[in-house]
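Subject: Structure handover

Hello,

Here is the structure we talked about handing over. Please load it before reading on.

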Amino acid sequence: MYLKIVKNRFLKIVLIALILEIFVFNFKHWESHFFDDIGSPVYSVGVGLERVSKNTFKIIDRDNAFFDISNIDGNVKNILFDIKADSESVNNGMVIPIQIEITDEANELFLRLPEVKVVEGIKESSYIRLHSIGKSSKLRVWVRRNNDEAFRINTIALNKIRPMAIHIKRIVILTLAGVLYCLFRPKSKIYNIVLDYSDTVQKRIIISIISLNMLIMCGIGLSALPHKYWKDDPWEAHAQYEDLTDALLDGHFYLNQIPPKSLQDIKNPYDCTVRLNKQSETGDNYLFDFAYYKGKYYCYFGIVPALLFFLPFKLIMGYHLETWIAVVMCAVLYCISAFVFIYQLARKYFEKVSLGIYLLMSLVFVAGSSIVYLAHYGNVYSMPIMLGLLLGVTGLTCWLIAGDRGTIRKRYLVIGAFSIALVMGCRPQLAIILLFAFPIFWREIQSGYFFSKKGIKNTCCVILPFLVIGIGLMYYNYARFENPFNFGATYNLTSNDMTHRGVVFSRNFLGIYEYLLQPLNVKSTFPFFETIDLRKEYQGYLSSEPLFGGFFAMNIIAIFSLGICKFGKALREKKVFALTVCSFISALVIIEVDIQISGLTQRYMSDFGWLLMISTILTIFSLYDRETGKTKNLFMNSIIILSTVCLFTNYFSLLMNGRYAALIDRNPYLFYIIKHAFFAC
């Protein structure tokens, strides 16, 4: 009976998807049937175009590269401008910008319309919908490409019936969206089912959602065509893990690249302006974003990714592992670890968390950790953060499991401690989560399972991994920089002198505002989001890179993390008040460290975002157990809406213009096929 209901509902979803595909997403096809027939237009060519063959033209003067269509005498509703670039003469020939000028009853002279893009392989982009007023007499189409570029005109037609475009992938996506809506809609029965992984049906649902997340992460990792762009990337810093691997195989920690003598002669090589001037004078190549100390280059990124991935891969395969593959692999594993972590939180501290709220919060936790950005921008800058997050969440999960049955399971203590200790060799500031041991094991500490004679083994299981890893990392740091506590960022050859950066509290206002409160830069045109226009009056150096908006703007559901005091009673009842506060304060500490040590950049959202999401989720779980009746319905509706907005902003940010590895630059075909499939119907 249950399977029959599911089957019928699925068939209804597919039917709705087909109706949307035929009548909504193909609206312009049906609309074009009512356009007046204007006939086949005759066009003339501007003086900036040279006819190479019958339908092929070359731009000789880009200021006069246009086509004129005269004697129209009709109401122009669309134009089919089927143009294809000569790939031999045009860089990125698949996208051709054109601009239309038109006369009508309200404009005797040409009215210039906004520029549009015709994309090779996307037929819909060749049909441009026009909104002229009354009859038109003339129309001009500019081709906005550079001199000496050639292209072929296949067809120019007015008021042409637009073909129906049926996209199987669009139908699949619409169907999947319908299934997810039915699963997570406010009145779904999934919110009445108490979470229990031992239940077969629940297990299948959870595994399906995790698998979907993993597939999405793989798709995100491949979306910017990393195999094309990162492999032969001219930015030498992106190959630092490969360089470190070669150095380790050669038996030393310094990199094999030899700094020019002119760099060694500079009194302060960390002064970017002096260094660039000297480089310009000598013509020598100075590596950028490498650590430099006493005449040698070093990798200042954590060594753990090299030891876990790059070194073993090189030893086994004989060639280097590409960094983007390691980043995406960690992002995929993080999806599993995140779901297990949230499950263990629910299992340890809460009695009646529903399957629905668990799945929602797990999805939100993955998105709020900002790994969408890291997976897309899969290079050396993302690698240590991504692995640090994976190890951190895995370690905390093991600690939650270790004390979950009224006793202490030592193997999980050890695995958790090793995982969190390894975080220090990835992203040192994330190691603050070792303090989570106190709120997680507080009851056990009070019962004498730690820091007592009977708990000496448990205490050693936690402390010894940190000692072993810590001693190894201190030796690594001392061997390189003669300081066991310096991981190398201080000696980075970057845009500012890190050796004299210091702590300046005046940086805090701008930094905290940008990291937490900055609104999104919303536009009316696709892709609707752009990176923010950072304006600052700080009279000093503060490094900044493209930012999307503050964490609370990207993850609006995280406002629940601000309710620690207001909802303190509910948190204390569930014995998660200390853990919630610890997560929130740890996030603030890391924000301060990032602002002072480095600056403002989007990837640092991953340093603290997941910690704020822990506070958020613990607060929501506590309130969920407490609310009843209409209040609970209102609460759940709010959570569903805020979760949906959070997921949308994080995943849709992949399309944002102005970001690093922007999709419009790296994979314009995918960018425009998404636009024309869903936002240009």
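Predicted model: local features only at pLDDT ≥ 70, side-chain atom pairs only at ≥ 80, totals over all residues.

Start with α13, residues 383–402. α13 is mostly covered, with 19 of its 20 residues buried.

Helix α10 covers residues 323–349. The axes of α10 and α13 come within 8 Å and cross at roughly 25°. Angles under 35 degrees count as roughly parallel, so α10 is roughly parallel to α13. The crossing of α10 past α13 is left-handed. The residues of this contact split into 20 nonpolar, 5 polar and 1 charged.

**Helix α6**

α6 takes up residues 240–249. This helix is mostly covered too: 8 of its 10 residues are buried. Among the buried ones are Q240, E242 and D243, along with Y241 and L244. What do the buried residues of α6 pack against? They pack against β13 (296–298), α9 (304–317), α10, α13 and α17 (456–481). Just after α6, G251 has a positive phi of about 90°.

**Helices α3 and α4**

α3 runs over residues 168–184 and α4 over residues 200–223. Their axes come within 14 Å and cross at roughly 135°. That angle makes α3 oblique to α4. α3 passes α4 in a left-handed crossing. On the α3 side, the contact is made by L176, L180, L183 and F184. On the α4 side, I205, I209 and L212 make it. The residues of this contact count as 7 nonpolar, no polar and no charged.

**Backbone points to check**

- S370 is not a glycine, yet its phi is positive, about 65°. S370 sits in the loop between α11 (355–368) and α12 (371–376). Is S370 buried or exposed? Its relative accessible area is 8%. Buried means under 20%, so S370 is buried.
- F451 also is not a glycine and has a positive phi, about 55°. F451 lies in the loop between α16 (442–446) and α17. Its relative accessible area is 55%, so F451 is exposed.
- The peptide bond from F526 to P527 is cis, with omega near 10°. P527 is placed in the loop between β14 (521–522) and β15 (529–530).

Over to you.

Best wishes

Methods:
Residues numbered from 1 in each chain as written. Heavy atoms only, no water. Helix = DSSP H or I, 4+ residues; strand = E, 2+ residues; numbered from the N terminus. Expected span 1.5 Å × (residues − 1). Buried < 20%, exposed > 50% of the residue type's maximum accessible area, 1.4 Å probe, protein only. Axes fitted to C-alpha atoms, helices over the stretch in contact; angles between N-to-C directions. Parallel < 35°, antiparallel > 145°, perpendicular 65-115°, else oblique. Left-handed = near helix turned anticlockwise from the far one by under 90°. Nonpolar A, V, L, I, M, F, W, Y, C, P; charged D, E, K, R; others polar. Contact = heavy atoms within 4.5 Å.
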